Amino acid sequence: MNALDYSILFGSMIAIAAYAIWSTRGSRDLSGYLKGSGQTRWFTIGLSVMATQASAITFLSTPGQGYEDGLGFVQNYFGAPLALILISAVFVPLYRRLKVYTAYEYLGHRFDPKTRLLGAGLFLVQRGLGAGITIYAPAIVLSTVMGWRLDATIVCSGLLVVAYTVAGGCDAVSLTQKYQIGVIFAGMVAAFFVLLSRLPAGLTATDALAVAGGFHKLQAVDFSPSMDRRYTVWSGVLGGMFLALSYFGTDQSQVQRYLSGSSVRESRLGLMFNAVFKIPMQFFILLLGVLIFVFYQFERPPVYFNRAAWSAQVARATDGRLQALDAAFSESHAAERAQLEAWVKARHAGDLRGEAAAREAAAVAHRRVDLVRAQTRAALDAASPGTKANDSDYVFITFILDQLPHGLIGLLVTAFFAAALSSKAGELNALGSTTTVDIYRHVVRTGASDAHYVVASKVFTALWGFVAIGFALFANLAENLIQAVNILGSIFYGVVLGLFLVAFFLRRVGGTAAFWAAIAAQALVFALYATLSISYLWYNLIGCAACMALAVALQAVLPPSGRGSPAPAA
Amino acid sequence: MRVPSDDDSTGLPWPRSWRGVYGVVLGVFLAWVVLLSLLTRLFP
């Protein structure tokens, strides 16, 4: 990065922080701070919902996922449109009718205080931990780009987010996100076209897709019924639907976004905007990663994308093993490239036999490339056993820094960081809101003034920011970042969703049955996660189904509930 | 207070009902599944 890139990055960051502080100037009551002015239109809600989910992790890690595993991850989002329809039809009218600040207030209306506290508690635990992961993501980029220490980067970026979030209310978050997502899209589209222009001369788009397909990167859908495979159509539609139902329907960081709408119509249209554009957006980001993979078949990539870790270990090691692996990588990559060029040449000549032979030879050469990379990873892991390598998370940023022109590098790093700040602001705002409304105002100190609760909300938001920073500092992430967030969510989300579905659809079930069913279902999910190796998406379904089934069973032996049950729709 | 139902107008020129909106969303989803299936088959 040069001075132009840095000026774009820091200028934008300062402008965003200044905008947030300017937006929140003056005193506001609790409703204004937590739910905004209530005038937000559907387009802003739609972009805000998208920006809250599409955080820096999406921007950083998903192309790496496409690079390593291809398009299959897109199936993870197949359940999202179905879930958003259900939320639009059932959840939104109920939340708005009860005028709740948080989704968990609804559980208090429907069941009892302890069930409300349980729902809020599960949200706070999983989202608090998830917040740590999403602080970790931009820290990786900054530490790579600037050569800063990772822990110092986590603390500095985390403190910036905390300051921005405490100052910013709901309206500021939504408005800021609207412009930030525009910057993000512009950056991604620019990166896409630069990538296309960097492909070798003579390699058509169809050739690029054929090369990607030759390495099984375009296996977008898998109709296999196997539960062991991480991504299939079935796990995506069923597990993904339950994950999306939980996330968009019961996670306060999303509920807060669409409750800021001026009417049910605005909230619903904002959600439908996401139902239509979520799958294409994820497909596009994954395709970017797949095309980067194709690009690096013709251009030598680093043997290890995390160059900071690589350089540090090369400087420490004295046996020359890493240098030898690097040389072996160059040799095997050159051999693979030669075979790929022969493959493309045979394709253009219509030589089917030659094409098949070159394709097979390229696949063999690619296995040697993969083997050297695996040996390199193993050598680095052995040298630094305390850190788990997630090299795919460095793929996109390496491409940006090596291949994009200055100015555009600054724009993309800015877009990436803006995404981190905006989603983090929404998350911390939701954590602060839930702690204030569902715990502090509800249990600890009832009947205080609005001004007191606004201050409390800001204090809790800051405290959650510090918890997230602490988690990010000590997290030892064994998975690709985007998967880590989804795995964590899947462990908790199913049970929370089960609570809400019991509340909506099982009107005879009371609070005590729902409460203990949720506790038992969460214990079951923990036990299964520790013992089974099924796709994590299934835990959304298992947790939800277990909670609902146990609630019905418990209610059969408990005295009938005397509480009312707000209907899903009139 | 009455809960807005699926019969309420969307305020859009088309579709005017929420059922229609949900139908369009489902149609777009199915179109994507078909397109991705074709991509998988064309470049195995």
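**Figure 1. Overall build of chain A.** In this predicted model, chain A contains 22 helices and zero strands, and its C-alpha atoms occupy a box of roughly 75 × 50 × 45 Å along the principal axes. Chain A has a radius of gyration of 25 Å, which agrees with the value near 25 Å that a compact globule of 570 residues would have. Buried residues account for 56% of the 570 residues of chain A. The domain assignment divides chain A into domain 1 (3-296 + 401-482) and domain 2 (316-388), and the C-alpha centres of domain 1 and domain 2 are 35 Å apart.

**Figure 2. The largest nonpolar core.** This core has 188 residues, and those that touch the most other members are Leu84(A), Ile292(A), Phe416(A), Ala419(A), Leu499(A), Ala514(A) and Cys547(A). Helix H13(A) gives the most to the core, with 18 residues. Both domain 1 (3-296 + 401-482) and domain 2 (316-388) of chain A contribute residues, so the core lies between them. Leaving aside residues up to four places away in sequence, Leu499(A) touches Leu107(A), Thr115(A), Gly119(A), Ala514(A), Ala518(A) and Cys547(A); of these partners, Ala514(A) and Cys547(A) are also listed among the core residues that touch the most other members.

**Figure 3. Helix H19 of chain A and its buried residues.** Helix H19 covers residues 450-474 of chain A, and its end C-alpha atoms are 36 Å apart, which agrees with the 36 Å that 25 residues should span at 1.5 Å a residue. The buried residues in H19(A) are Tyr453(A), Val454(A), Ala456(A), Ser457(A), Phe460(A), Thr461(A), Trp464(A), Gly465(A), Ala468(A), Ile469(A) and Ala472(A). An α-helix has 3.6 residues a turn, so residues three or four places apart point the same way.

Figure 4. Between Arg268(A) and Ala430(A), which are 162 residues apart in sequence, the C-alpha to C-alpha distance is 20 Å.

**Figure 5. Chain B and the side that touches chain A.** Chain B has one helix and zero strands, and 18% of its 44 residues count as buried. The contact between the two chains takes 23 residues from chain B and 24 residues from chain A. On the chain B side, these residues comprise 16 nonpolar, five polar and two charged residues. A cis peptide bond, with omega about -10°, joins Trp14(B) and Pro15(B); Pro15(B) is placed in the segment before helix H1 (18-42) of chain B.

**Figure 6. Two loop residues of chain A with positive phi.** Lys99(A), which is not a glycine, has a positive phi near 50°, and its place is the loop between helix H5 (80-98) and helix H6 (103-110) of chain A. Lys99(A) counts as exposed because it has 11 C-beta neighbours inside 10 Å, the limit for this class being 12 or fewer. His216(A), again a residue other than glycine, has a positive phi of about 60° and lies in the loop between helix H10 (205-214) and helix H11 (233-250) of chain A. With 15 other C-beta atoms within 10 Å, His216(A) is partly exposed.

**Figure 7. Val211(A) in helix H10.** Val211(A) is placed in helix H10 of chain A and counts as buried, with 27 C-beta neighbours inside 10 Å. Not counting residues up to four places away in sequence, Val211(A) touches Val294(A), Gln297(A) and Leu340(A). The C-alpha atoms of Val211(A) and Ala152(A) are separated by 41 Å, and these two residues are 59 residues apart along the chain.

How values were computed. Residues numbered from 1 in each chain as written. Chains lettered and ligands numbered in written order. Predicted model: local features only at pLDDT ≥ 70, side-chain atom pairs only at ≥ 80, totals over all residues. Contact = placed C-beta atoms within 7 Å. Nonpolar A, V, L, I, M, F, W, Y, C, P; charged D, E, K, R; others polar. Helix = DSSP H or I, 4+ residues; strand = E, 2+ residues; numbered from the N terminus. Rg over C-alpha atoms; globule rule 2.2 N^0.38 Å. Buried ≥ 20, exposed ≤ 12 C-beta atoms within 10 Å, placed from the backbone. Domains from an automatic or database assignment. Expected span 1.5 Å × (residues − 1). Core = buried A, V, L, I, M, F, W, Y, C linked by C-beta atoms within 7 Å.
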